[in-house]
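The sequence and the structure are shown first.

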Amino acid sequence: MDEPLDVDAGGKPRVRDYMTRDVATVAPEDTVADVSRRIVESDGHNGFPVTQGRKVEGFVTARDLLLADDVTPMFRVMSDDLLVAHPEMDVNDAARVILRSGIQKLPVVDDAGTLVGIISNADVIRSQIERATPEKVGKLLRTLETIHDVDASEERREVAIADLVPTQGKVYADELEGRRYEIEHGLTEPLVVIDNGGDLLLADGHHRAMAAHTMDVETMDAYVIVLGTRVDLGMARTASEEGLESVEDVNVVDYARHPLVETTERFQ
């Protein structure tokens, strides 16, 4: 059974929608040498929450370790003047805290003070791009109804990547890397799809769909706008003119060869 489009608290994105739930932590007794090694061996970590059980005691960054002896424990070098976020916090408010404080990551704690996630400046940036908000879907639905004089409804369902008809002919390779990371960590935004008489036109989320395709992911969550009657959509004509029948027809462009980058390089 299809689910109705979920609109929570006016459609505002929450910290819980973007935070990383699987949080790497260190203990107060771990030494500078231990944590330095973890930072070096990790995939992009430059700091960790310091926890006792699931209670956050502090936060330590690579900078905190620079002048400390290898045997010094975390509780002596960590910062215990903590800023934290709540999972129900508006992600835009979390963004203000992160950007104005100059920190890179906010531990996320629930009402009991238990660590439930972490949100970073990268997560905040991701929340502002390719975001499939209910408002965005609703605006597209109303536009389609007005322009084509057709009734439309909203559904939330899984769609097969192989059944999607793309409506743009290229995506960028570097953007795909970010979308793959999101898929691997369960952070992916829903696609926005138009069901036009059974044809599933991909209206928003081409990078997400292409990333899924390269990872052999067969289905994705989507907001689906179902048109009451089949209409002649301009995006469908464009897709047909460009020979776009499936995601396999989308061209992956290396951003280093983007024409604006090439122009910039000529002046260096």
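Against which strands and helices do the buried residues of helix 2 pack? In this predicted model, they pack against strand 1 (47-52), strand 2 (55-61), helix 3 (62-65) and helix 4 (74-77).

**Overall composition**

The protein contains 11 helices and 11 strands. Of its 268 residues, 43% are buried. Among contacts with a separation of 6 or more, 72% join residues 24 or more positions apart.

Val 32, Val 35 and Ile 39 are the buried residues of helix 2. They lie on the same side of helix 2, because the arc they cover around the axis is only 75°. In an α-helix, residues three or four places apart point the same way, since there are 3.6 residues a turn. The other side of helix 2 carries Val 40 and Glu 41, which are exposed.

Two of the packing partners of helix 2, strand 1 and strand 2, run antiparallel and are joined by 6 bridges. Together they form a hairpin with 2 residues between the strands. Gly 53, in the turn, has a positive phi of about 70°. Gln 52 has Lys 55 in strand 2 as its bridge partner.

Thr 25 belongs to the loop between helix 1 (15-18) and helix 2 (32-41). Apart from its neighbours within four places in sequence, Thr 25 is in contact with Arg 38, Phe 48, Pro 49, Thr 51 and Leu 115. The side chains of Thr 25 and Thr 51 are joined by a polar contact of 3.4 Å. Between Thr 25 and Gln 52 the C-alpha to C-alpha distance is 9.5 Å, although 27 residues separate them in sequence.

An open sheet is formed by 5 strands in the order 5-10-8-9-6, with mixed pairing. Strand 5 (152-160) and strand 6 (164-166) each have a single partner strand and stand at the edges, so one side of each has no neighbour in the sheet. From one strand to the next, the twist averages 40°. Strands of a sheet pair through backbone hydrogen bonds, either parallel or antiparallel.

Within this sheet, strand 8 (residues 191-196) pairs with strand 9 (residues 199-204) in the antiparallel sense. The two antiparallel pairs described in this report are set out below.

| Strand pair | Sense | Bridges |
|---|---|---|
| Strand 1 and strand 2 | antiparallel | 6 bridges |
| Strand 8 and strand 9 | antiparallel | 5 bridges |

Ile 194 stands opposite Leu 201 in strand 9.

**Helix 9 on the sheet**

Helix 9 (residues 206-214) packs on the sheet and touches strand 6, strand 8, strand 9 and strand 10 (219-227). The direction of helix 9 makes about 115° with that of strand 9.

Is helix 9 mostly covered or mostly open? Helix 9 is mostly covered, with 7 of its 9 residues buried. The buried residues are His 206, His 207, Arg 208, Ala 209, Met 210, Ala 211 and Ala 212. Asp 216, which follows helix 9, has a positive phi near 60°.

Conventions
Residues numbered from 1 in each chain as written. Predicted model: local features only at pLDDT ≥ 70, side-chain atom pairs only at ≥ 80, totals over all residues. Heavy atoms only, no water. Helix = DSSP H or I, 4+ residues; strand = E, 2+ residues; numbered from the N terminus. Buried < 20%, exposed > 50% of the residue type's maximum accessible area, 1.4 Å probe, protein only. Contact = heavy atoms within 4.5 Å. Polar contact = N/O pair within 3.5 Å; in protein donor to acceptor, adjacent residues only side chain to side chain. Pairing = 2+ DSSP bridges. Axes fitted to C-alpha atoms, helices over the stretch in contact; angles between N-to-C directions. Arc of directions from axis to C-beta.
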